Amino acid sequence: MLQIKNLSYSYSRKERLIDNFSMTLEKGTVCGLLGKNGAGKSTLIYLICGLLRPKAGTIDFCGYTPFDRKVGFLEDIFLVPEEFSLPNITLDEYISINAPFYPKFNREHIERYLDIFELTPDLHLGRLSMGQKKKAFISFAMACNTSLLILDEPTNGLDITAKRSFRRAIAECMDDEKSILISTHQVYDVDKILDHVIITDRKGILLNASMTEVAEKYRFNFTTDRDRAAKALISLDVPGGMNIAETLEDPSQETDVNLETLFELVLSQNGK
């Protein structure tokens, strides 16, 4: 679906923000994009959406070059940025204006997602809080049924209940013909819905693996045993003890993936 080869981009001549970056995103994937601040995640998203032109390398999305901004490309990709504004109109008016640009938009779907977020279809966008606007906009984005949905920090501004609703909505939205790319620092909000994770820095991919592959390689645990923590691949101090990652030698001991611990492990293995 999405293939990036040897991508490079810079805002200045002195330093490349993205250098010789390559990745592939397959259909039917909910993929987490993780990286430290300044690692180029937002820039990468803008390049994928065709809002920036690569300095070198290629991006192919379903046969389209994003920067060409052709109609077939624009109607099959949707970006929910971290910050956005919505017009002072009703949701019905917003749908009437914007839904025609997305041939696979489904009114029943948006009503279903709104219901999950405890919103009603008769809402007025100009009267919503920022958190409510985010829930309404994400609902519209998912109802467009584009092949690729990109969410940049989607849980920022959502309360605990809304974050749980977000995970439920993503699970209901997914099918084998779609992919969702989630760029986030809020790893605990998304770890249970991801089936793939990409950890990146400016020079490229540090980790590109399915959650199953990660779980088959590492064991994640909480411990109060400092001797065990000292022998682990990495240990992170948390209230009451330490989160650790160890090499998984016995498949029967497979654990859920702790994304925060995995992130720090990958950075440590690559010299941060």
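Predicted model: local features only at pLDDT ≥ 70, side-chain atom pairs only at ≥ 80, totals over all residues.
Side chains of opposite charge can pair when their charged atoms come close. In this structure, the count of salt bridges comes to 11.

Arginine 112 takes part in a salt bridge with aspartate 115, in which the closest N and O atoms are 3.2 Å apart. Both residues belong to helix H4 (residues 107-116), where a spacing of three residues places arginine 112 and aspartate 115 about one turn of the helix apart. Arginine 112, at 32% relative accessibility, is partly exposed, and aspartate 115 is likewise partly exposed, with a relative accessible area of 49%.

The side chain of arginine 112 also meets that of glutamate 172 in a salt bridge, with an N to O distance of 3.1 Å. Because arginine 112 lies in helix H4 and glutamate 172 in helix H6 (residues 160-173), this pair ties together parts that are 60 residues apart in sequence. Glutamate 172 has a relative accessible area of 38% and is therefore classed as partly exposed.

A further salt bridge joins glutamate 246 to arginine 228, the closest N and O atoms being 2.9 Å apart. Glutamate 246 is located in strand E12 (residues 241-247) and arginine 228 in helix H9 (residues 226-231), so that the pair ties together parts 18 residues apart in sequence. With a relative accessible area of 12%, glutamate 246 is buried, whereas arginine 228, at 27%, is partly exposed.

Through salt bridges that share partners, Arg112, Asp115, Arg168 and Glu172 are joined into one network.

How values were computed:
Residues numbered from 1 in each chain as written. Heavy atoms only, no water. Salt bridge = Lys/Arg side-chain N within 4 Å of Asp/Glu carboxyl O. Helix = DSSP H or I, 4+ residues; strand = E, 2+ residues; numbered from the N terminus. Buried < 20%, exposed > 50% of the residue type's maximum accessible area, 1.4 Å probe, protein only.
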